[in-house]
Amino acid sequence: MNNKPLRSIYLIPYTAWVLLFVIAPIALIVYYSFFDLTGQFTLSNYANFFSSVYLKLTISSFWYAFLITLFSLLVAYPTAYFLTKTRHKQLWLLLIIIPSWINLLLKTYAFIGLMGLYGPLNAFLETIGIGKQQILFTDFSFVFVSVYIFIPFMILPIFNALDKLNPALIDASRDLGANAWTTFRRVILPLTMNGVKSGIQVVFIPALSLFMITRLIAGNKVITLGTAIEQQFLVTQNWGMGSTIAVFLTLFMFLIMIITSGGERGTTKVGKVK
């Protein structure tokens, strides 16, 4: 029995979704990027993007995204590893993921209250004799809050990779005389690299385009590509330049996806070990 016509019917909703909500918005952004403030066709937007201002902005965005991803990974990997060793690991994982269900704006305002001059954190610093400090509107507060928000998305793929790891491989490594560090470096980390890459992908890409947290937590001290797009669309009303930045941001995201994408070779090898 030929199921090709039936499969084609099933593909219609998916194809329509991709065309309407993926391809069409990207095509619209590319279209607007070729127009200036007066609605005239121009290539100056692309030339302006390579000016020193936007190049510094791009480097700054990548730097902050790198820091957020690095600190998220440093916290998430050992956390995910110890979760796999606990008795009720699924319950603990759920407790870690639950905060990600809370609205991002609500969490951001909660940190504004915690880190404000009259918040509990400054009250604690004043109690121990350090005195009130300007914690908000700093690089530290921006990176800290961003890491807190993205950590669950880093933990989940790493946890899944570690949970699927065949324990016989770790036992074999120890039987062959490898210490804990060698076992981690030569066995555990390579075989869970797919989970690490997935975590980097789901953290680095959205961190590259943050704009709301930069406004509320870092003030005007941290400017990213996402903030620049917001300014061009909502403040200066220069949709052409905003679209141009969005085009390059989309290209950067695709590039990151290509770099962090990897096969399931490590997982396949684990599954074949008996």
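Predicted model: local features only at pLDDT ≥ 70, side-chain atom pairs only at ≥ 80, totals over all residues.
Visitor: Which residues is Ser 146 in contact with, leaving aside its neighbours within four places in sequence?
Guide: Ser 146 lies in helix α7, residues 139–163. Contact means heavy atoms within 4.5 Å. With neighbours within four places in sequence left aside, the contacts of Ser 146 are Ile 68, Leu 210 and Ile 213.

Visitor: How many helices and strands does the protein chain have?
Guide: Helices (H or I, at least four residues) and strands (E, at least two) are DSSP runs, numbered from the N terminus. From that end on, the elements run α-α-α-α-α-α-α-α-α-α-α-α-α-α. The secondary structure therefore comes to 14 helices and 0 strands.

Visitor: What percentage of the residues in the protein chain is buried?
Guide: The C-alpha trace spans about 75 × 70 × 35 Å along its principal axes. The chain has 274 residues, and the buried share of them is 37%.

Visitor: What part of the accessible surface belongs to carbon and sulfur atoms?
Guide: Accessible areas come from the Shrake-Rupley method with a 1.4 Å probe, and for residues only the protein chains shown count as cover. The accessible surface of the protein chain comes to about 16,600 Å², and the part from carbon and sulfur atoms is 70%.

Visitor: How far apart do the centres of the positive and negative side chains lie?
Guide: Lys and Arg count as positive and Asp and Glu as negative, while His and the chain ends are not counted. The place of a charge is taken as NZ of Lys, CZ of Arg, CG of Asp or CD of Glu. The chain has 19 positive and 8 negative side chains, and the distance between the centres of the two sets is 10 Å.

Visitor: Are α5 and α6 roughly parallel or antiparallel to each other?
Guide: Axes are lines fitted to C-alpha atoms, for helices over the stretch in contact, and angles run from 0 to 180 degrees between N-to-C directions. Under 35 degrees counts as roughly parallel, over 145 as roughly antiparallel, 65 to 115 as roughly perpendicular and the rest as oblique. Helix α5 (residues 104–115) and helix α6 (residues 120–127) pack at an angle of about 20°, with their axes 5 Å apart. α5 and α6 are therefore roughly parallel.

Visitor: Which residues of α5 and α6 make the contact?
Guide: The pair packs with axes 5 Å apart. On the side of α5 the contact is made by Gly 113, Leu 114 and Met 115, and on the side of α6 by Pro 120, Leu 121 and Asn 122.

Visitor: What is the phi of Phe 137?
Guide: Phe 137 is found in the loop between α6 and α7 and, at 36% relative accessibility, counts as partly exposed. Most residues other than glycine have a negative phi. Phe 137 is not a glycine, yet its phi is positive, near 60°.

Visitor: What is the relative accessible area of Gln 237?
Guide: Gln 237 lies in the loop between α12 (225–235) and α13 (239–260). Its phi is positive, about 60°, although it is not a glycine. Gln 237 is partly exposed, with a relative accessible area of 46%.

Visitor: How far apart in space are Ser 33 and Gly 242, C-alpha to C-alpha?
Guide: Ser 33 is found in the loop between α1 (4–32) and α2 (44–49) and is buried, with a relative accessible area of 0%. Not counting residues up to four places away in sequence, Ser 33 touches several residues, including Gly 240, Ser 243 and Thr 244. Ser 33 and Gly 242 are 209 residues apart in sequence, while their C-alpha distance is 7.4 Å.

Note on methods
Residues numbered from 1 in each chain as written. Heavy atoms only, no water. Buried < 20%, exposed > 50% of the residue type's maximum accessible area, 1.4 Å probe, protein only.
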